[in-house]
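Reader: I would like to go through this model feature by feature. Please give the general idea behind each term before the case at hand.

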Amino acid sequence: LDNKIISNSTHRARRDPKRVVFAEADNYKVLKAAQVAQEDGICYPILLGNEDKIRGLIEEYSLGLEDAEIINPKAVENRALRKEYGAFYHKMRERKGMTRYEADQAMRERNYFGAMMVHLGKADAIISGITRKYKDVIRPALRIIGMDEEVNRVAGMYIMMTKQGPIFFGDATVNKNPDAQALIDITLLVAQAVKNLRIKPNIAMLSYSNFGSAR
């Protein structure tokens, strides 16, 4: 069943490859993932980060990403693009106290820059989180891309591959101490995500973990 999930997802992605932003492209693991995705024909990678470092890794490990689009949000040559994206971000957040300078500065950060690419239709998705804290990845996504109009909550979902098949855990990342309505919302969101993978969800509810960083 695990292989079936991967093969089905790969087959569907090949039919309509998307433009995917890899926000931490100066990391070898991220570049390797981008290489595999490109070679499998499931996406067109857009690499964010220091171009010299990224090209150095591509050459060192023969990753075959020479023709991939590379953007360094901090580069001088991208100043005009930062200001363009910053203007959109400022419009979104000006009523919440954000200045135009702060909005422009935010676009130097790859998660904000990549999220704005998705919002403006310059990319279809963004992948991040291997070197950043969860909150530093989800905050730009929520502020810029936002939620689907049909939902009023966001939730995280982990997929664990086991010998008995895949197990989907939600929400272990976003909602702390959920009340009854929150539990309902999270359950429905995760169930829909599982259905999108063409799996019929069987649902179980778990309570608190007995270790970890949350009290």
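Predicted model: local features only at pLDDT ≥ 70, side-chain atom pairs only at ≥ 80, totals over all residues.

Reader: Is S207 buried or exposed?

Author: Buried means a relative accessible area under 20%, exposed means over 50%, and partly exposed lies in between (1.4 Å probe, protein chains only). S207 has a relative accessibility of 63%, so S207 counts as exposed. S207 sits in the segment after helix 8.

Reader: How many helices and strands does the chain have?

Author: Helices (H or I, at least four residues) and strands (E, at least two) are DSSP runs, numbered from the N terminus. Here the chain has 8 helices and 6 strands. Their order from the N terminus is α-β-α-β-α-β-α-α-α-β-α-β-β-α. The C-alpha trace spans about 50 × 45 × 35 Å along its principal axes. Of the 215 residues in the chain, 33% are buried.

Reader: Which residues is C43 in contact with, leaving aside neighbours within four places in sequence?

Author: Contact means heavy atoms within 4.5 Å. With those neighbours set aside, C43 is in contact with P17, K18, V20, F22, A37 and Q38. C43 belongs to strand 2 (residues 43–48), and its relative accessibility is 7%, so C43 counts as buried. C43 and Y61 are 18 residues apart in sequence, and their C-alpha atoms are 20 Å apart in space. Over the chain, 57% of the contacts with a separation of 6 or more are between residues 24 or more positions apart.

Reader: Which residues lie closest to the centre of the largest pocket?

Author: On a 1 Å grid over the protein atoms alone, a pocket is an open set of points with protein on both sides within 12 Å along at least five of seven lines, and lining residues have an atom within 4 Å of a point. Grid points are joined across faces, edges and corners, and a volume is the space filled by probe spheres set on the points. The largest pocket holds about 2200 Å³ of space. Its lining has 46 residues, and A125, I126, I127, S128 and M157 are the closest to its centre. Elements that give two or more residues to this lining include helix 1 (2–15), strand 4 (125–127) and helix 7 (134–145). Helix 7 gives the largest share, 7 residues.

Reader: Which residues other than glycine have a positive phi?

Author: Two examples will do. S62 has phi near 50° and lies in the loop between helix 3 (51–60) and strand 3 (69–71). S62 is exposed at 58% relative accessibility. R198 has phi near 65° and lies in the segment after helix 8. R198 is exposed too, with a relative accessible area of 57%.

Reader: Where is the cis peptide bond that involves D171?

Author: The bond from G170 to D171 is cis, with omega near 5°. D171 is in the loop between strand 6 (165–169) and helix 8.

Key
Residues numbered from 1 in each chain as written. Heavy atoms only, no water. 1 Å grid on protein atoms, 1.4 Å probe; cavity = no way out; pocket = protein on both sides within 12 Å on 5 of 7 lines; lining within 4 Å.
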